[in-house]
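Let us walk through a protein fold step by step. Keep the sequence and the 3D view side by side as you read.

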Amino acid sequence: MAIRKSNKLSQKAVIKQIMKRCSSLAKKQGYGNEEGLPLDVPKGHFVVYVGENRSRYIVPIAYLSRPEFQNLLQQAEEEFGFDHDMGLTVPCDEEVFQSLLLNFR
């Protein structure tokens, strides 16, 4: 009988990988602050790109723990992977993403 890791551990690992990837992308792009983030991204937030036009959203890191957001991240990993230079892109209609953000507040 195989022992499976809990979903919670794999979700934490995915979130850690995403944050590391976002940080390394920012450093590659030469952003000026010590955290390696764009100057318009406040501490405790990160950038995602949504929809066909890749609209840019700045969202709190706390949203990463929400099951709805974790589902989006899993879809993003399946569709795009995390090893690319396009930033964190989620495969979601922009209107759906906006309504999801409103529900988080």
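This is a predicted model: local features need pLDDT of at least 70, side-chain atom pairs count only at pLDDT 80 or more; totals for chains, interfaces and linings use all residues.

The protein has 105 residues, and 35% of them count as buried. It contains three helices and three strands. Now look at contacts between residues at least 6 apart in sequence. Of these, 49% join residues at least 24 apart. The exposed surface comes to about 7200 Å². Carbon and sulfur atoms supply 52% of that surface.

Next, the sheet. The three strands form an open sheet in the order E2-E1-E3, and the pairing is mixed. E2 and E3 stand at the edges with a single partner strand each, so one side of each has no neighbour in the sheet. Strand E3 covers residues 89–90.

E1 and E2 pair in the antiparallel sense, over six bridges. E1, residues 45–50, pairs with E3 in the parallel sense, over two bridges. In E3, its bridge partner is valine 90. In E2, valine 50 stands opposite serine 55.

E1 and E2 also form a hairpin, with four residues between them. Find glycine 51 in the turn. Its phi is positive, at about 80°.

Helix H3, residues 94–104, lies across E1, E2 and E3. H3 runs at about 20° to E2. Helix H2, residues 67–80, packs against H3 at an angle of about 150°, and their axes are 10 Å apart. That angle makes the two helices roughly antiparallel, because anything over 145 degrees counts as such. Which residues meet between H2 and H3? From H2 come Glu68, Phe69 and Leu72. From H3 come Phe97, Leu100 and Phe104.

E2 has a covered face, made of Ser55, Tyr57 and Val59. Its uncovered face holds Arg56, Ile58 and Pro60.

Compare one residue from each face. Serine 55 lies in E2, which spans residues 55–60. Is serine 55 buried or exposed? Its relative accessible area is 18%, and the limit for buried is under 20%, so serine 55 is buried. Its side chain makes a polar contact of 2.9 Å with the side chain of glutamate 94. Leaving out residues up to four places away in sequence, serine 55 touches Val48, Tyr49, Val50 and Glu94. Val50 is the residue opposite serine 55, and residue 94 belongs to H3.

Proline 60 also lies in strand E2. Its relative accessible area is 23%, so proline 60 counts as partly exposed, a class that lies between 20% and 50%. Beyond its neighbours within four places in sequence, proline 60 is in contact with Gly44, His45 and Phe46. Finally, find proline 42. It sits 18 residues from proline 60 along the chain, and their C-alpha atoms are 8.8 Å apart.

Definitions and conventions: Residues are numbered from 1 along each chain as its sequence is written. Side-chain values use heavy atoms; hydrogens and water are left out. Buried means under 20% relative accessible area, exposed over 50%, partly exposed in between (1.4 Å probe, protein chains only). A polar contact is a pair of N or O atoms within 3.5 Å; within protein, one must be able to donate a hydrogen and the other to accept it, and residues adjacent in sequence count only if both atoms are side-chain atoms. Contact means heavy atoms within 4.5 Å. Accessible areas come from the Shrake-Rupley method with a 1.4 Å probe; for residues, only the protein chains shown count as cover. Two strands pair if DSSP finds at least two bridges between them. Axes are lines fitted to C-alpha atoms, for helices over the stretch in contact, and angles run from 0 to 180 degrees between N-to-C directions. Angles under 35 degrees count as roughly parallel, over 145 as roughly antiparallel, 65 to 115 as roughly perpendicular and the rest as oblique.
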